[in-house]
Amino acid sequence: CNATVTVEDNVDPVITTTANPIIVECDGNGNNGEIEAWLLNNGGAIATDACGLTWDNDYTGTGSDCSAPVEVTFTATDINGNSVSTTATYSISDTIKPTIQTPAADQTVQCDGSGNLSQFNSWLTTNAGSTATDDCSSVSWSNDYNLNGNVMSDECGMTGSVIVTFRATDGCGNFIETTAKFTIEDTIAPDFTVPADLTINCEDDATDLTLTGDVSDESDSCDTNIGQAAYSDVVAAGQCANESVITRTW
């Protein structure tokens with residue numbers, strides 16, 4: 001009498017320790033070493049089976065964005081195809097703010113009478129010369145000019161100043177700030193043309209001092225509303241009677 005005994009394995013492996021989630025700080029290079037170690041260790045999962053086990057997972061290389069979790073399923077399979085799975089997530093976190101390499105620099109310009117807009121806009125768009133880096137993403141810049149009343153002060157002529165805060169923000173919203181001051185100054189005196197020296201005979205009427213002339217072409221690079229020049233006279237005696245020298249200073 002012959003008999004055939006068939007030993008079947010239709011029992012799934014047993015998970016004794018489930019996979020654990022992992023959160024790592026961004027290193028700017030994908031944190032490949034830490035993620036690969038986590039995958040090779042099956043997320044820390046442990047399973048048992050009487051007929052031996054192999055592990056695999058469904059990780060496709062998807063990247064985590066600013067702590068957004070990526071779900072990975074680890075599956076333990078025995079030699080007869082019975083399997084059991086456990087799921088965990090990995091996240092790459094970025095909690096570190098960018099680093100200021102070059103702080104914003106103050107700038108002082110000579111008033112041009114038109115608001116120095118070209119110089120000021122160039123200063124703003126270049127973030128006052130500041131630079132920043134971040135280990136995990138590119139950096140975007142913004143500033144607080146013209147926000148919440150932050151505008152150029154109104155001083156003499158068309159001069160003024162403003163303190164602007166420049167903000168560098170990484171891809172995960174972490175930011176760092178640097179502050180600088182833009183100043184429009186006026187150190188150049190007004191300009192005008194004075195009349196030439198004038199000599200008159202002593203018998204002429206010298207009581208009307210307008211005969212010595214008046215200034216013209218009054219102008220200033222920073223103030224279009226410049227007034228008439230003021231003047232003062234100094235009268236000195238001449239070399240003989242009835243001679244005098246009138247010196248007018250505007």
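The legends below describe close-up views of a predicted model.

**View 1. Helix H1 and its buried face.**
Helix H1 comprises residues 32–40, and its buried residues are Ile-35, Trp-38 and Leu-39. Seen down the axis of H1, these buried residues fall within an arc of 100°, so they line one face of the helix. Gly-33 and Leu-40, on the other side of H1, are exposed. After H1 comes Asn-42, which has a positive phi, near 55°.

**View 2**
Strand E5 pairs with E4 in the antiparallel sense, over 5 bridges. Within this part of the view, Thr-77 of E5 is the bridge partner of Thr-54. Strands E5 and E6 also run antiparallel, and 8 bridges join them. Here Thr-87, in E6, is the bridge partner of Thr-73. The hairpin of E5 and E6 has 4 residues between the strands, and in this hairpin Gly-81 takes a positive phi near 90°. As a general point for reading such a view, the side chains in a regular strand alternate between the two faces of the sheet.

**View 2. Asp-9, a buried acidic residue.**
Asp-9 belongs to the segment that precedes strand E1 (14–17). The residue is buried yet has no salt bridge. Lys-97 is the nearest side chain of opposite charge, and it is 57 Å away. The side chain of Asp-9 does, however, reach the backbone nitrogen of Val-11, at 3.3 Å. Leaving aside neighbours within four places in sequence, the residues in contact with Asp-9 are Asp-49, Cys-51, Asp-78, Asn-80 and Asn-82.

**View 3. Helix H2 and its buried face.**
The buried residues of helix H2 are Phe-120, Trp-123 and Leu-124. Because these residues fall within an arc of 100° when seen down the axis of H2, they line one face of the helix. The face turned away from the buried side carries Ser-118 and Thr-125, which are exposed. Against the buried residues of H2 pack strand E8 (107–110) and strands E10, E11 and E12.

**View 4. Trp-123 and its surroundings.**
Trp-123 is situated in helix H2, which spans residues 117–125. With a relative accessible area of 3%, Trp-123 is buried, because buried residues are those under 20%. Not counting residues up to four places away in sequence, Trp-123 touches Ala-105, Asp-106 and Gln-107, together with Ala-128, Val-164, Phe-166, Ala-180, Lys-181 and Phe-182. Glu-34 lies 89 residues from Trp-123 along the chain, and the C-alpha atoms of these two residues are separated by 43 Å.

Asn-127 is not a glycine, although its phi is positive, at about 55°. This residue follows H2, in the loop between that helix and strand E9 (131–133). Asn-127 is buried, with a relative accessible area of 12%. Asn-148 likewise has a positive phi of about 55° although it is not a glycine. Its position is in the loop between strand E10 (140–143) and strand E11 (160–169). Asn-148 is exposed, with a relative accessible area of 84%.

Apart from residues up to four places away in sequence, Ile-188 touches Gln-110 and Asp-220. Ile-188 and Asp-220 are 32 residues apart along the chain, while their C-alpha atoms are separated by 8.1 Å.

Definitions and conventions
Residues are numbered from 1 along each chain as its sequence is written. This is a predicted model: local features need pLDDT of at least 70, side-chain atom pairs count only at pLDDT 80 or more; totals for chains, interfaces and linings use all residues. Side-chain values use heavy atoms; hydrogens and water are left out. Buried means under 20% relative accessible area, exposed over 50%, partly exposed in between (1.4 Å probe, protein chains only). The arc is that of the directions from the helix axis to the C-beta atoms. Lys and Arg count as positive and Asp and Glu as negative; His and the chain ends are not counted. A salt bridge is a side-chain nitrogen of Lys or Arg within 4 Å of a carboxyl oxygen of Asp or Glu. A polar contact is a pair of N or O atoms within 3.5 Å; within protein, one must be able to donate a hydrogen and the other to accept it, and residues adjacent in sequence count only if both atoms are side-chain atoms. Contact means heavy atoms within 4.5 Å. Two strands pair if DSSP finds at least two bridges between them.
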